[in-house]
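Here is a short briefing to read alongside the model. Take a look at the structure first, and then we can walk through it together.

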Amino acid sequence: MLQRNFSWARRINCMANQSPSGKAVTDFHLLHSSGRKITEFHLSSIVKICGRVEALQEGRQAHCLLLKLGFNADLILMTTLLDMYSKCTNIHDACRVFDEMPQRDVVVINSMISGLCRCYLPSYAIDLFTKMNQSNRDVGTWNSLLSGLGQNSEGRAALIFFGRKRVEGVEVDVMTMISVISICAHMAMIVHAQQVHGLVIKSGFELYLPVGNAIVDMYAKCGCMGDACLCFQNMPFKNVISWTSLISGYAKHGFGVEALKAFHQMEMEGVVPNKITFLGTLYACSHSGLLQEGWISFTTMINKYSIAPTMEHYTCMVDLLARAGRLYEADEFIEKMPIKPDTKLLTAFLSSCCHHKNVELASAVGKKLLQLQPQEAGAYISLSNFYGLVGDMEGVANVRRLMLERGIRKEKACTWIEICQKVHSFESGDRSITERSMITYEFLFRK
C-alpha cells in the first residue's frame with residue numbers, strides 16, 4: 001500500500017511539474033475515490049496544479065480535504081495553498097489562510113507579499129514588509145517586493161526600496177538585478193540604467209544569460225540601441241530571448257532593415273525563432289514600410305516553423321497592409337482571419353483608415369469597434385476626430401452624444417521625462433506652474 005501511494009504521488013507530482021493539464025486533477029479524483037490514503041505530498045502537488053491553471057473550484061475542494069485530514073498545521077502545504085489562492089486572484093481567501101496559520105516563517109511572508117502584488121495591492125505588500133523585523137527579512141523578501149512593485153508600475157517606490165536594501169547591506173542576487181533592470185527599462189531611465197549596469201558588472205553578474213538579456217532589452221527601451229547592440233555583441237552566450245530582445249529593440253525604433261538582418265543572422269547561427277521573435281520582425285516591417293518582407297516573415301512563421309499566428313501577429317499584418325495604403329486588402333485579410341478581431345486590431349485599422357481618409361471603411365470599422373467595446377473611450381475619440389477631419393460635423397455630434405448617453409469619459413494622457421536623475425510626470429493639458437515644471441521647461445528650451 002505504501003508503495004502504491006508513493007507511485008501515485010510521483011505520478012501527480014510529475015504532471016504538476018511538466019504540464020498544466022487537467023489530467024493530474026482527474027488522477028487525483030481517481031486516487032481519492034479509490035479509498036487509498038491521501039498524503040500531504042498528494043495534496044501539495046494538486047494544489048500547485050490548481051494554482052498554475054487557476055482552477056479555483058478544485059483548489060477549494062483540495063483545501064476542504066486538507067482541513068478534513070488535519071494537515072492545516074503543515075507549514076509547507078499551507079504556504080502552497082496560500083500561493084494557489086493568490087494565483088487565482090482570490091486574495092481574500094489567501095489572506096484568510098495567512099491569518100489562520102498557527103505559525104509563519106519568512107517563506108510564508110514572502111509568498112503573501114508576492115500574492116498581494118499579484119492582486120494589485122502593492123500598498124498592502126509594502127505595509128506587510130515594513131511590519132517585519134529587519135533581521136527576519138531575507139533576499140527573497142526584498143526580491144518579492146521589488147518585482148511586485150515593478151509589476152504594478154510602482155517603479156519609483158521599487159528603486160527607493162532597492163536603495164534601502166543596499167544601505168542595509170542585504171546581498172544582491174541575480175533575481176534582484178533582473179527586477180531592477182526591468183524597472184529601469186519600463187521607466188526608460190537611462191541614468192539609473194547605466195548605474196545598475198555598472199552594479200551588475202561590479203557584482204559579477206554580467207555573464208548570467210538572463211541578466212544579459214535584460215540589459216539588452218533595458219538599453220533598447222531607453223532608446224540607446226548602440227549600447228544595446230554593444231552589450232549583445234559582448235554576451236558570451238545567446239539564446240532566442242537574446243536575439244528577440246535585439247530584434248524588438250530595432251523594431252520599436254524603426255530600424256526595420258537591421259531587425260531583419262539580425263533575424264537572418266539568428267537563423268544562420270541555428271537559433272530557432274519563437275512567436276515573440278516573429279512578432280518583432282512583423283512589427284519592424286510594419287513600421288518601416290517593408291510590405292513584401294512582412295509577408296515573407298508571416299508565411300515563414302507558418303510554413304517553415306509551424307507557428308500558429310496569434311491576434312498580435314494578425315494585428316501587425318493588418319497594420320502593415322493598412323500603413324502601405326492597402327486598406328481593402330487589409331479589410332479582406334480581417335474577413336479571412338480564423339479568429340474574430342479584437343479592439344487593438346480594429347483600432348490600428350481605424351487609425352490607418354483615418355490617415356488615408358477612407359470614409360467608408362473608417363465608418364464601418366468605427367461602428368464595429370463601438371459594438372465590440374462600448375466602454376472604451378479611445379474608439380469614440382478616434383471616430384469623432386475622423387469625422388471632424390473630413391468635415392462631417394453631424395458625425396462628430398452623434399459620436400459625442402453617444403459618449404454622453406453612455407457616460408464615457410476619456411482619461412488624460414500622461415508622459416514623463418528624466419531630468420537630473422529624477423523622473424517628472426505630466427498630464428495632457430496640465431498648465432500648473434510648479435518648481436518641477438519650470439525646471440523641465442528651462443531644460444527643454446534653454447539655448
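## A buried serine to start from

With a relative accessibility of 15%, Ser-44 counts as buried, since the cut-off for that label is under 20%. Ser-44 is part of helix H3, and apart from its neighbours within four places in sequence, Ser-44 is in contact with Leu-77 and Thr-80. Please keep in mind that this is a predicted model.

**The chain as a whole**

- The secondary structure consists of 25 helices and 2 strands.
- Of the 447 residues in the chain, 45% are buried.

**Helix H3 against helix H4**

- Two packed helices are described by the angle between their axes and the distance between the axes.
- Helix H3 spans residues 40–52 and helix H4 spans residues 56–68; they pack at an angle of about 155 degrees, and their axes are 9 Å apart.
- Angles over 145 degrees count as roughly antiparallel, and H3 and H4 are therefore roughly antiparallel to each other.
- The crossing of H3 past H4 is left-handed.
- On the H3 side, the residues in this contact are Leu-43, Ile-46, Val-47 and Cys-50, and on the H4 side they meet Glu-58, Gly-59, Ala-62, Leu-65 and Leu-66.
- Sorted by class, the contact of H3 with H4 has 7 nonpolar residues, 1 polar and 1 charged.

**Helix H20 against helix H22**

- Helix H20 (residues 327–336) packs with helix H22 (residues 359–372) at an angle of about 30 degrees, with 11 Å between their axes.
- That angle makes H20 roughly parallel to H22, because angles under 35 degrees are given that label.
- H20, too, passes its partner H22 in a left-handed crossing.
- From H20, Leu-327, Tyr-328, Asp-331 and Glu-335 meet Glu-360, Leu-361 and Lys-368 of H22.
- By class, the contact of H20 with H22 has 3 nonpolar and 4 charged residues, with no polar ones.

**Buried residues and their contacts**

- Ile-334 also belongs to helix H20, and its relative accessible area of 8% makes it buried.
- Val-318 and Ile-334 are 16 residues apart in sequence, and their C-alpha atoms are 7.3 Å apart in space.
- Setting aside neighbours within four places in sequence, Ile-334 is in contact with Val-318, Pro-341, Leu-345 and Phe-349.
- Thr-315 sits in helix H19, which covers residues 311–323, and with a relative accessible area of 16% Thr-315 is buried.
- Between Thr-315 and Thr-343 there are 28 positions in sequence and 9.9 Å in space, C-alpha to C-alpha.
- Beyond its neighbours within four places in sequence, Thr-315 is in contact with Asp-342, Lys-344, Leu-345 and Ala-348.
- Leu-345 is named for both residues: it is in contact with Ile-334 and with Thr-315.
- Ile-181 lies in helix H11, residues 174–187, and counts as buried at 0% relative accessibility.
- Ile-181 and Met-218 are 37 residues apart in sequence, with their C-alpha atoms 6.5 Å apart in space.
- Once neighbours within four places in sequence are left out, the contacts of Ile-181 are Val-196, Val-200, Val-211, Ala-214, Ile-215 and Met-218.

**Positive phi in two loops**

- Thr-89 is not a glycine, yet it has a positive phi of about 55 degrees.
- The loop between helix H5 (75–87) and helix H6 (91–100) is where Thr-89 is found.
- Thr-89 counts as exposed, with a relative accessibility of 56%.
- Ser-153, another residue other than glycine, has a positive phi near 60 degrees.
- Ser-153 is found in the loop between helix H9 (139–151) and helix H10 (155–167).
- At 52% relative accessibility, Ser-153 counts as exposed, as the cut-off for exposed is over 50%.

Definitions and conventions:
Residues numbered from 1 in each chain as written. Predicted model: local features only at pLDDT ≥ 70, side-chain atom pairs only at ≥ 80, totals over all residues. Heavy atoms only, no water. Helix = DSSP H or I, 4+ residues; strand = E, 2+ residues; numbered from the N terminus. Buried < 20%, exposed > 50% of the residue type's maximum accessible area, 1.4 Å probe, protein only. Axes fitted to C-alpha atoms, helices over the stretch in contact; angles between N-to-C directions. Parallel < 35°, antiparallel > 145°, perpendicular 65-115°, else oblique. Left-handed = near helix turned anticlockwise from the far one by under 90°. Contact = heavy atoms within 4.5 Å. Nonpolar A, V, L, I, M, F, W, Y, C, P; charged D, E, K, R; others polar.
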